[in-house]
Amino acid sequence: MKYIALLLLLACTLPSPAATDAQLERLEALRLAGDYQAALEQGRGDLELEPDDSRLLILLGELELATGKLDAAATHFQRVIELSGQDTLLARSKLAEVQLQRGERQAAADLWRQIRETYETGSALSTRDLHAVAEATRHLGKSDPQLFKQAVRIFDEVLRRDPANLDAGIALGELLLEKYNNQEALQVFQEVLSRDDRHPRALLGLARSQHFDYSSEAVTSTLKALSFNPNLVPARVLLARLLIELEQFDDARREAELALQVNPRSLEALATLAVIHQLEHDPAGFEEIETRVLELNPGYAGLYTLLAEMSAQNRLYREAADFARRAVELDPESWQGYGLLGMNQLRLGQMQAGRDNLERSFSGDPYNVWIKNTLQLADSFSDYVELDQGSFRVVLHGDENALLEEYIHDLAQQAYRSFSARYNHRPQLPIRIELYPDHADFSVRSVGLAGVGLLGVAFGPVVAMDSPAARERGTFNWGSTLWHELAHVFHLSMTDNRVPRWFSEGLAVYEERIARPGWGGDVDPGFLQAYLEGRLLPLSQLNNGFVRPSYPEQIIHSYFQASLVFEFIETRWGFDTIRKVLSAFRDSRMPHTVLLDELQLDSETLDAAFDAFLEDKYSIALQALSPGAGTDSSRLSPDTALPDKYFDQYGLGTQLLEQGDLELAELFLTRAQQLFPEYAGGDSSYWLLAQLYLKQERAAAAQQQLESMIAINAEHYEAHLQLARLRAGRGDPEGAAAALEAALFIYPYDLEVHRDLARHLSHLERWDEAARERRAVLALDPVDRAEAYYQLAHTYERAGNRSSAREQILYALEIAPNYFQAQELLLSLREAADAGEATQ
């Protein structure tokens, strides 16, 4: 209402020759406030008095356009063109917009070219005319991408001559965002808002910029835009999209329908409804909307690009590729369509076809950073080796192939056997597994941009993830991550990729946690504090924690919370319930009710039952993490009464440990552990007590702490190495080998770890596994390769594989011809071969 009150005041104070300006300002105020009907009624009355006023005709045409009355809008714009006065270029630009919405692309292009021809004659143009030239140049850039740069320059000229032209500023921001330059787009929208912080379309531009950066603030800005103009159709459409991303389909449908009440011909709102029907597995509803859109605009490729984009966001990659293919069939210049087709073909393992379509996309739109990054990654594929391992196609960088191949294949086979039995299901084979030693490359493979904080991604039968080289040592368990992603392969296959994100992620983390002790992470103080503070989301809203987190740790907390849901369900209802829910997702039109229907509970009852489960599971820790008074360490003695608060105990214990008071430090750290035994992070009491006991030369106590720690947290590399040394020192080669094998799932690049593991396995006469470790030593390029070949040959010989032993010993002798032990082993192998022939 700000606009109406202010401009009505202006109308009363402006003198008569500026009466027409006041009328236009009143209409513009009504338009900005979304009162389109009142603006149209007033404007039509004004037009009876001023039938040839071009500015009034333009504004009325824009109002008719905003409400879907294309014929009426075209009539107004055509009248301005016939008058051949001011705003002729602007009217042509607006008329072209009408034709574009009707699907008359050629007619629209003819008008844009006419506008450009006028501009190129060097005629003196008003800022309104220049705005029209910039818009025409922007549209023609679809066929000539270099024109986008010129469009930016023309918009800049408009703003230089008329800094208060907010429409030009918003249009410039939209162009920059369209060409993936969000940093400058954001600056432009913020500049407009500095002049008018309630401008609905500027707020919408800000929301789109925030959405581009995956910010949860996009929802806030969209709602703010709608608070000033509740009939702003593009804002309703954006809000619907944001709700779809949260899998809140009913709310999204409501927003799209509100948009259509304002403009029944809104192609974007109709396309959004089509997305909802598609994701809800409603083919009849989808076909009805699809038919309606194509009747309004037979060439509207935006329907299918939006469907492709949203299908991919919901992991429906095959459907996304199909929709993108339909987009380029409708519009051969749909560069976005070619890009979506190529990206989703890569996700489906169709590598060459995907690359071809990405190159076609980039040739028409060289500003697309996602496509550019992905093509650069594709250029590096020649550095990778693709290994056919039966059920799997493993893709490794050439520098890592020799080292990682066996470990990847062995773990993948274990996971496949485990999940096949657990889910009574076999997904499509082969499964493609790609590992990237550079996290930026994996990030580009996932979403087209570097800097994404994921560890792995499953597209269905294709898995991509960081290799252990992509992360700092001790921060990443690649074995646990691979297990997680292969769980996704089964979940996506069982549901035809129609599974809510929270359900799939939580179940995959749960599968990690039960696969091996310490995998999948466990509870930390921050998680339980978030619960105590009411920041954990109810299950009905858990998707929000993955897609639009409201605090920095919420994504991590949501992963762990979701995994606890499945621990709760399996404990109370059994795993068969989880299998049934997965199967039901495949055909359900209401995925948000599937779990509740199977459990026969409403959401409030389920939330209450889960809270009770969590409070029972962590009852001691929750009590110990509630606020409490501190204790002065300078007045402590072994007889001091200890506060039963975790942070008091832990803080005092660490302080005393730093001061060298090991006796008192042990007392407090032990009590901290009793209060929160589930926490085993790198700074936990388990690690600190282990180091304390090592200082006191209490090896058995240190070993107990380390064993307890890695049973909860298997990602602490040094804990595994220390435990291996302690077990070996106490005559336990099997235990030492187990600790070193677990360490390899974190960091497989330490040559000495492989050597130590080979020695322990040899002692246990596990010769095949020992040979694997000797091969790993060679893959790590040891200084003494002759010795490494000899050790591998010796291991092969003990395993009964004399032909491989002979091959390796010859490699050793080729490097060191006088290597005596190698000569002896070769002689022994020949004698054994001769003896074998003699007995035949």
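Trainee: Morning! Which residues of α14 are buried?
Mentor: They are V233, A235, R236, V237, L238, L239, A240, R241, L242, L243, I244 and E245. Buried means under 20% relative accessible area, exposed means over 50%, and partly exposed is in between, using a 1.4 Å probe and protein chains only.

Trainee: What should I know about the model itself?
Mentor: It is a predicted model, where local features need pLDDT of at least 70 and side-chain atom pairs count only at pLDDT 80 or more, while totals for chains, interfaces and linings use all residues. Residues are numbered from 1 along each chain as its sequence is written, and side-chain values use heavy atoms, with hydrogens and water left out.

Trainee: Back to α14, then. How many of its 13 residues are buried?
Mentor: The count is 12 of the 13, so α14 is largely enclosed by the rest of the structure. The helix covers residues 233-245 and reaches 19 Å from its first C-alpha to its last, close to the 18 Å expected at 1.5 Å a residue. That expected span is 1.5 Å times one less than the number of residues. After α14 comes E247, whose phi is positive, near 60°.

Trainee: How many helices and strands are in the protein chain?
Mentor: There are 44 helices and five strands. Both are DSSP runs numbered from the N terminus, with helices being H or I of at least four residues and strands E of at least two. The C-alpha trace spans about 110 × 75 × 50 Å along its principal axes, and 56% of the 840 residues count as buried.

Trainee: Let's do the strands. What is their order in the sheet?
Mentor: The sheet is open, has mixed pairing and runs β1-β2-β3-β5-β4. β1 (384-389) and β4 (456-458) stand at the edges with a single partner strand each, so one side of each has no neighbour in the sheet. From one strand to the next, the twist averages 15°.

Trainee: In which sense do β2 and β3 pair?
Mentor: They pair in the parallel sense, over four bridges. Two strands count as paired if DSSP finds at least two bridges between them. V395 stands opposite E434 in β3. β4 and β5 (residues 462-466) are antiparallel, with three bridges, and A458 has V463 of β5 as its bridge partner.

Trainee: Which way do the β3 side chains point?
Mentor: I431, I433 and L435 point one way, R432, E434 and Y436 the other way, and all are buried. Side chains in a regular strand alternate between the two faces of the sheet.

Trainee: Which strands does α23 lie across?
Mentor: Helix α23 (residues 401-423) lies across β1, β2 (392-397) and β3 (431-436), and runs at about 150° to β2. The axes are lines fitted to C-alpha atoms, for helices over the stretch in contact, and angles run from 0 to 180 degrees between N-to-C directions.

Trainee: Changing topic: which residues of α17 are buried?
Mentor: G285, F286, I289, E290, V293 and L296.

Trainee: What do the buried ones pack against?
Mentor: They pack against α6 (88-102), α16 (267-279), α18 (302-313) and α19 (317-330).

Trainee: And which residues touch the most other members in the largest nonpolar core?
Mentor: In that core of 126 residues, they are I244, L303 and L307. A nonpolar core is a set of buried Ala, Val, Leu, Ile, Met, Phe, Trp, Tyr and Cys residues joined through side-chain atoms within 4.5 Å. Leaving aside neighbours within four places in sequence, L307 is in contact (heavy atoms within 4.5 Å) with A274, V275, Q278, F286 and F323. Apart from that core lies another, of 124 residues, including V394, L606, L761 and A770.

Trainee: Last one: is L492 buried or exposed?
Mentor: L492 is buried, because its relative accessible area is 2%. L492 lies in α25 (residues 478-495) and, not counting residues up to four places away in sequence, touches R315, A458, F459, G460, N497 and V499.
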